[in-house]
Amino acid sequence: MLALAAASLGAAGFLQGPKLVDAAVDVQRATRLAESRLVLQLNQPVAEAGALRVSPDEPASLDVDGDRLVVTFERPLPANTEFRVAVTDVVGAAQPSPAEVSYRFTTADEPVFTLVRRSADGRPDVVRRASPAEPAPRDVLEAPRLQSFAAAGEVVVAAAIEEDGTNTLRVAGIGGATQTVGLPEPGVVRRIAASTTHPLVALSFDGRTNPGGGEPRFRHALFTLDVSGAQAALEPVLRPDGEPFAVADWRFVPGTTSLVLQDLDGGLFVVDALGLSPPMALGAHAELRGILPGTAVLVVADPDGGARIDLTTGGTSANELPRAGLPEQAYPGRVQQLDAAGAYVMDVLLASSGGAESLVVLVDGGGTEIRYASGPGSRLAGSCVSPNGRLVAIETVAADAPYDGYPNLPSPVDRLTTVVDLDSGDPVLVQNGGFSDWCG
């Protein structure tokens, strides 16, 4: 009887086919990078596999690697979403019976940081964090006056305004206390942004002319800040001759420690933020438009047309955008491209006899759709697409809002940020403040 039972169990195992024994996916990077992977580890090598099914539907491909099924997602996944991935008719090399292999995982939430300026009320300014899944905001950094900020993971770096109008840096999220980091000389931070995938922040900086008339050392200089350790320290980005780059524009490259920068003559370079490799020249272009969300594809523009440069291969291709369907009284503004097919988000001012209205529209091969309308009494202060290209942070102010008078970066008071899902047009979060770190 025991022998018969053992034989029956063996037959049952033979008929069951391959089984899943482990799975690996980085649920944070999957929302930030295209071509992220889910690896399904089976109990035996795979002879053949059937169809791949992903729910909710996402473009993905399947590869067989010995005893592993490797699923590669074509674009960054939406945040805070449960996925079921199944592969049908998986046949093992040891067992001929087909089986379905499936796995569920939930992607990471997408934090939203905003700056709330409150010094006019006698209170310190704060950087505030919330998310669609946890909409109750919490303050993560404060100082008497804050100009701008960037968030690298849970580390926040802000440019604080001192009494003389120059800046210092405040760093929160490394240890328990907020650090103060001095700049290389008295001066002003012109722009600050963070990598979406690495603990790195960069800022462009102008030194102030000395009281005696002496020239500052740094003009249009780019600095990086590694926030992975116990103490953050600024490092200048240097040319091959050892002098600081004079930079007109720059972007982090997702998934790498590199930045693309444009010098004052229009030359483009790829530089490593950690200084581990020399700068690589990409030629000259009139405008650095941005990097497609979650990719290493750079978008540039010249008088004769736009182009996409794949920074992993160096390949260049023409970049053509569909024309937006706008009425005659519409004035197009900032464009943020979403993918290689040319889909983009555009800010629009719509003028009429009854006044002006601000719109944010999504334009792709299927046409033009409104994703946000300010309505009467308010106007658009800016919009910024999330790192995965799935959401847009829309900042609005009252139509007659006065400016706060801050040096270097004055702003209309009482900014409000509404985060909208680009696929559906539904708002997913409303939060006080503005200057979204997605804008970097």
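**Exercise 1. Which side chain meets arginine 75 in a salt bridge, and where do the two residues lie?**

Step 1. Arginine 75 and glutamate 58 meet through their side chains in a salt bridge, 3.1 Å from N to O. A salt bridge is a side-chain nitrogen of Lys or Arg within 4 Å of a carboxyl oxygen of Asp or Glu.

Step 2. The pair links distant parts of the chain, 17 residues apart. Arginine 75 sits in the loop between β6 (68-73) and β7 (82-92). Glutamate 58 sits in the loop between β4 (52-55) and β5 (60-65). Strands here are DSSP runs (E, at least two residues), numbered from the N terminus.

Step 3. Check accessibility. Buried means under 20% relative accessible area, exposed over 50%, partly exposed in between (1.4 Å probe, protein chains only). Arginine 75 has 36%, so the residue is partly exposed. Glutamate 58 has 7%, so this one is buried.

Step 4. Widen the view. Glu58 and Arg75 are linked with Arg390 and Asp423 in a network of salt bridges. The whole structure holds 20 salt bridges.

A note on the source: this is a predicted model, where local features need pLDDT of at least 70, side-chain atom pairs count only at pLDDT 80 or more, and totals for chains, interfaces and linings use all residues. Residues are numbered from 1 along each chain as its sequence is written, and side-chain values use heavy atoms, leaving out hydrogens and water.

**Exercise 2. Find the salt-bridge partners of arginine 190 and arginine 191.**

Step 1. Arginine 190 meets aspartate 206 at 3.2 Å, N to O. Arginine 190 lies in strand β16, aspartate 206 in strand β17 (residues 200-207), 16 residues apart. Aspartate 206 is buried, because its relative accessibility is 10%.

Step 2. Arginine 191 pairs with aspartate 249; their closest N and O atoms are 3.0 Å apart. Aspartate 249 belongs to strand β20 (residues 247-252), 58 residues away from arginine 191 in β16. At 16%, aspartate 249 is also buried.

**Exercise 3. In what order do the strands of the sheet with β16 run, and which are its edges?**

Step 1. The order is β16-β17-β18-β19, in an open sheet with antiparallel pairing. Two strands pair if DSSP finds at least two bridges between them.

Step 2. The edges are β16 (187-194) and β19 (234-236), each pairing on one side only.

Step 3. Look at one pairing. Strand β18 (residues 221-226) and β19 run antiparallel, joined by 3 bridges. Leucine 225 stands opposite leucine 234 in β19.

Notes. Helix = DSSP H or I, 4+ residues; strand = E, 2+ residues; numbered from the N terminus.
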